[in-house]
Amino acid sequence: MRIPLLTAGSRRARSRSTEDDTDGRTAVAPQWKLVLRRFRKHRLAMASAVIVVMFALVGVFAEFVAPTTPSDYSADHTHAPPQRLHFVDTTDGVDLGLYVHGYESTRDEETLAREFTVDEDHKIPVGFFVRGEPYEMWGLFGTDRHLIGPEDPDERMYLLGADRNGRDMLSRIVYGTRVSLSIGLAGVALSFVFGIVLGGISGYVGGRTDTLIQRAIELLMSIPTIPLWMGLSAAVPREWGPLQTYFAITVILSLVGWTDLARVVRGRFLSLREEDFVLAARLDGCGPARVIGRHMLPSFTSHIIASLTLSIPLMILAETALSFLGLGLQPPVVSWGVLLQEAQNIHSIANSPWVLLPGVAVTVAVLVLNFVGDGIRDSADPYR
Amino acid sequence: MWAFVTRRLLYMIPTLFVISLVSFAIIQLPPGNFINTFVAELRAQGQGVDNAQVRALEERYGLDDPFLVQYGKWISGILLHGDFGQSFQYQRPVSDLIWDRIGLTLVLAVCTTLLSWAIAFPIGVYSAVRQHSVGDYVFTFIGFIGLATPNFMLALIFVWISFRYMGESVGGIVSPEYADAAWNLGKVLDVVSNLWIPVLIIGTAGTATLIRVLRANLLDELRKPYVTTARAKGLPEWRVILKYPVRMALSPFISTIGWILPTLIGGEVMVSIVVSLETTGPLLLDALSSQDMYLAGSFILILATLTVIGTLLSDLLLALWDPRIRHAQTAKG
């Protein structure tokens, strides 16, 4: 037991020293470069970062990536199961090309439930950059090109199944990515402002102000979050438009989210306040704003970035939970939580388990964001 | 020590006061009140409602009074008579409705805390001592997934699995045959057999966090020189680990009770709504959406109070456990 521990430590020490010695540029590299270099070595974090970027791209180009629009419904395809995407057709020689099979739907005489079977003879060719449902890209210009979709615009494709109105789950999840991720980012941005300002004041000024702010934080932390959120979002008027609700929910989420960040920032300020370089800056006649912005903040920017990355997934989880309860975003808006509302009903889950897929998107997004955040924290810590 | 306990108890008073104000403010936030909503609903159904009747109702419940007067009536009722007000929707005193549910929530929260400790402790110690082993990676991975999956998602997956493969619909904590029965051994056993599933679902995220906290703390401790000294003295390995570093690493573990309770109660609220347990969650959601303000406010108030008490307990436990904290606190007081 003792031996592996020691070798692990010394191996790490050696590898770092060789890296520092052989690369002359390391000595003069700015901090962010050092952090980036160490982050690149973190394989799990790098892989997760790639997935995060993919999520972000899907969110930004949602209209184009989605095979159709989220409101495009079909009464004949309620709860249609996911289709398998075939790459090669071997029924009649070898024919390369993407395609899916159509459905044959029958009605159960007794329950009147629609039952789908795969129609092997009905082949729907699938292509890239095809024409489909028209949409407005970013609300700027109208077009009907989609990244992937059936080549014949009249055919329907359900790679991840359909919901109770025959809307394409894949398209809805893609659109939900935009809302869920952006609400996470917006919430974090807001809590960032609250956290930095209040945590900074608390740590820098100290004394009675510090006690007051710390008490307020403890108070907020002692109220169970979900009931608090539920109470606050129940107060958001139903008549508000989607955009207003969106902002209201963001504010509610960040109202609780800032406390963690404020504590981190305060802790850092408290420990840095006594450092010699801060005293030197103060003796040089720098005002508080300059001491904070120019001398103190840069020494823990990376920690702040790590905390921020780690709080995005919390925001996403919170939004999902609220919308799932029907207290968050409301249906015409599509977010992962709103989509999961459909899974509240046991019959939906039992007959069409693919309504749970938005939850998988949540889990994956939260997981990779956590890995990236951990990776940043590890690489930003100079003492590891 | 007693000075410390007294000081902590005194600290609770202003905290609880502000919490009660906040709870009351939250339920006052939605525009309109229960009577408006109720009347609008009746009118929508085509029933005429007399304006005088509405005014009489509003007067009876004091809905026209300014905020502070309403708050004063509410809080003095609670403090002096244990009267939490009337539920508009159920036409019954709030205290009749909530105590059973709060009790069940509390049982769930306590069971979950104990269970997550029982799971997290051995796993956390194992993955720190055998860092970079296969077991460590497996547990870390499972822990991360547990953290990333929303509680209610786990509950939904569980509902699906039990429906699909066991052919039974889940829900409820008391089986139908015991629903009206008085409490006896059979009912208790039945409740216990139904309880473990929600406990497990609610506990996942907390357990995952605890494992990570314990692992990280223990790893830091294991690298310290006193561990080497203990080994050099020739102590058996298990004693080296359990006697010193684990004890040090457990302090943050204990202080987690304070912040794990709000998370547990939140998770409990969500999971209960999905699996339809007779706890606070579903009733709170219902009360919030129908603006049954005294019911909703009392729930928020009681849950928050329980959390504050939980934090207090965890602080006291921590002081008992860790001599350094105990001495620092008593020196201050």
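**Helix packing in chain A and the contact between the chains**

The crossing of α8(A) and α11(A) is right-handed. This arrangement belongs to a predicted model, in which helix α8 (residues 242–273) of chain A and helix α11 (residues 301–325) of chain A pack at an angle of about 155 degrees, with their axes 10 Å apart. Because angles over 145 degrees count as roughly antiparallel, α8(A) is described as roughly antiparallel to α11(A). On the side of α8(A), the residues that take part are A:I249, A:L253, A:G257, A:D260, A:L261, A:V264 and A:R268, and these meet a set in α11(A) that includes A:H303, A:S307, A:S311, A:L314 and A:L322. Sorted by class, the contact of α8(A) with α11(A) comprises eight nonpolar, four polar and three charged residues.

Helix α11 of chain A also packs against helix α14 (residues 357–380) of chain A, here at an angle of about 165 degrees and with the axes 8 Å apart. The two helices, α11(A) and α14(A), are therefore roughly antiparallel to each other, and α11(A) passes α14(A) in a left-handed crossing. Among the residues that α11(A) brings to this contact are A:I305, A:A306, A:T309, A:L310, A:P313 and A:L317, while those from α14(A) include A:V362, A:V366, A:L369, A:G373, A:I376 and A:R377. The contact of α11(A) with α14(A) divides into 14 nonpolar, six polar and one charged residues.

A further partner of α8(A) is helix α6 (residues 207–222) of chain A, which packs with α8(A) at an angle of about 135 degrees, the axes being 10 Å apart. With that angle, α6(A) is oblique to α8(A), and the crossing in which α6(A) passes α8(A) is left-handed.

Between the chains, 45 residues of chain B are in contact with 34 residues of chain A. On the side of chain B that touches chain A, two or more residues each come from α1 (2–28), α6 (134–148), α7 (151–165), α11 (245–275), α12 (280–289) and α13 (293–321) of chain B. This side of chain B has 35 nonpolar, seven polar and three charged residues.

Within chain B, helix α4 (residues 67–81) has 15 residues and reaches 21 Å from its first C-alpha to its last, which is close to the 21 Å expected at 1.5 Å a residue. Following α4(B) is B:G82, whose phi is positive, near 65 degrees.

The confidence of the prediction can be given for the complex and for each chain. The predictor gives the complex an ipTM of 0.72 and a pTM of 0.76. The mean pLDDT of chain A is 76, with 88% of its residues at 70 or more, whereas chain B averages 75, with 78% of the residues scoring at least 70. Among the elements of chain A, the lowest mean pLDDT, 43, belongs to helix α1 (residues 2–22), and the highest, 86, to helix α9 (residues 276–283). Over residues 1–21 of chain A the pLDDT is below 50, and this stretch has four contacts in the model beyond near neighbours in sequence. In chain B, confidence is lowest in helix α14 (residues 323–332), at a mean of 66, and highest in helix α9 (residues 225–232), at 87.

How values were computed. Residues are numbered from 1 along each chain as its sequence is written. Chains are lettered from A and ligands numbered from 1 in the order in which they are written. This is a predicted model: local features need pLDDT of at least 70, side-chain atom pairs count only at pLDDT 80 or more; totals for chains, interfaces and linings use all residues. Two residues are in contact if their C-beta atoms, placed from the backbone, lie within 7 Å. Helices (H or I, at least four residues) and strands (E, at least two) are DSSP runs, numbered from the N terminus. Ala, Val, Leu, Ile, Met, Phe, Trp, Tyr, Cys and Pro count as nonpolar, Asp, Glu, Lys and Arg as charged, and the others, Gly among them, as polar. pLDDT is the predictor's confidence in each residue, from 0 to 100. Axes are lines fitted to C-alpha atoms, for helices over the stretch in contact, and angles run from 0 to 180 degrees between N-to-C directions. Angles under 35 degrees count as roughly parallel, over 145 as roughly antiparallel, 65 to 115 as roughly perpendicular and the rest as oblique. A crossing is left-handed if the near helix is turned anticlockwise from the far one by less than a right angle, and right-handed if clockwise. The expected span of a helix is 1.5 Å times one less than its number of residues.
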